[in-house]
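Work through the exercises below with the model open. Each task is followed by its solution.

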Amino acid sequence: MLRIVVCVSGGGTNLQAILDYMEQGAITNVEVIAVISNNANAKALDRARAKEIPAIVMSPKTYSDRDTYNVAFTEKMTELAPDLVVLAGFLVKIPEQMIERFPNRIVNIHPSLIPSFCGVGYYGLKVHQKVLERGVKVTGATVHFVNEGMDEGPIIAQKAVVVEEGDTPEILQQRVMEQAEWILLPQAIDDIANGRIRLENNKVLRCV
Ligand code: GRF
């Protein structure tokens with residue numbers, strides 16, 4: 001059984017996709033042991049509570065400084081001892097000590113085809129605004145392992161989504177979530193839980 005902690009900051013639609021896949025049996029061999037948010041008002045926490053999953057709030061704002069928060073956040077994650085940490089719309093930078101403690105055991109969903117439209121400042125709607133400004137015809141989403149860089153870890157899976165004329169950032173974000181994020185993240189978790197992927201030379205390979 002793969003024990004996972006899901007980190008969230010907002011609406012929790014990616015968390016809900018994971019929970020729905022589990023309920024439908026499309027994800028097997030996984031247990032969500034806790035959901036952690038930096039935002040006490042995150043709707044994602046209500047989605048966890050609805051499934052009686054421990055919903056934990058750890059906000060940097062309630063700590064004297066970021067270093068103190070990073071220590072406390074890493075200590076809490078160590079105490080929970082998940083097999084995998086899943087960042088699902090989580091907007092806080094992962095502390096380096098947590099990445100060291102959980103090497104290639106933290107995955108993130110990013111709403112673009114990395115290495116395009118990623119890195120510092122590229123999150124949420126901003127990603128889709130930049131996609132539309134640039135005029136690209138195809139965008140999508142990427143699930144990747146988290147390393148010390150920003151959106152630079154080994155890529156697990158990607159899915160393309162067509163940009164349509166008249167798209168606004170909000171319309172495009174919804175299409176990328178529906179057609180890519182809410183499919184890729186649950187599938188990646190199921191693949192990891194059932195031993196279908198492995199890392200070789202920092203590249204993700206599929207085990208047949
Ligand atoms: C969305 O912008 C999504 O693309 C990104 O995080 C944001 C919120 O996702 N991954 P969620 O609804 O909180 O899962």
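Predicted model: local features only at pLDDT ≥ 70, side-chain atom pairs only at ≥ 80, totals over all residues.

**Exercise 1.** In which loop is the place of asparagine 201?

Residues are numbered from 1 along each chain as its sequence is written, and side-chain values use heavy atoms, with hydrogens and water left out.

Step 1. Asparagine 201 sits in the loop between E8 and E9. Strands (E, at least two residues) and helices (H or I, at least four) are DSSP runs, numbered from the N terminus.

Step 2. Strand E8 (residues 197-200) and strand E9 (residues 203-206) run antiparallel, joined by 4 bridges. Pairing requires at least two DSSP bridges between two strands. Isoleucine 197 is opposite arginine 206 in E9.

Step 3. The two strands E8 and E9 form a hairpin with 2 residues between them. Phi of asparagine 201 is positive, near 50°.

**Exercise 2.** Classify asparagine 201 and phenylalanine 117: buried or exposed?

Step 1. Take the cut-offs: buried is under 20% relative accessible area, exposed over 50%, partly exposed in between (1.4 Å probe, protein chains only).

Step 2. Asparagine 201 has a relative accessible area of 69%, so asparagine 201 is exposed. Phenylalanine 117 has 18% relative accessibility, so phenylalanine 117 counts as buried.

**Exercise 3.** Which residues are joined by a cis peptide bond?

Step 1. Isoleucine 114 and proline 115 are, with omega about 15°.

Step 2. Proline 115 lies in the loop between strand E5 (106-110) and helix H5 (125-134). Phenylalanine 117 is also found between E5 and H5.
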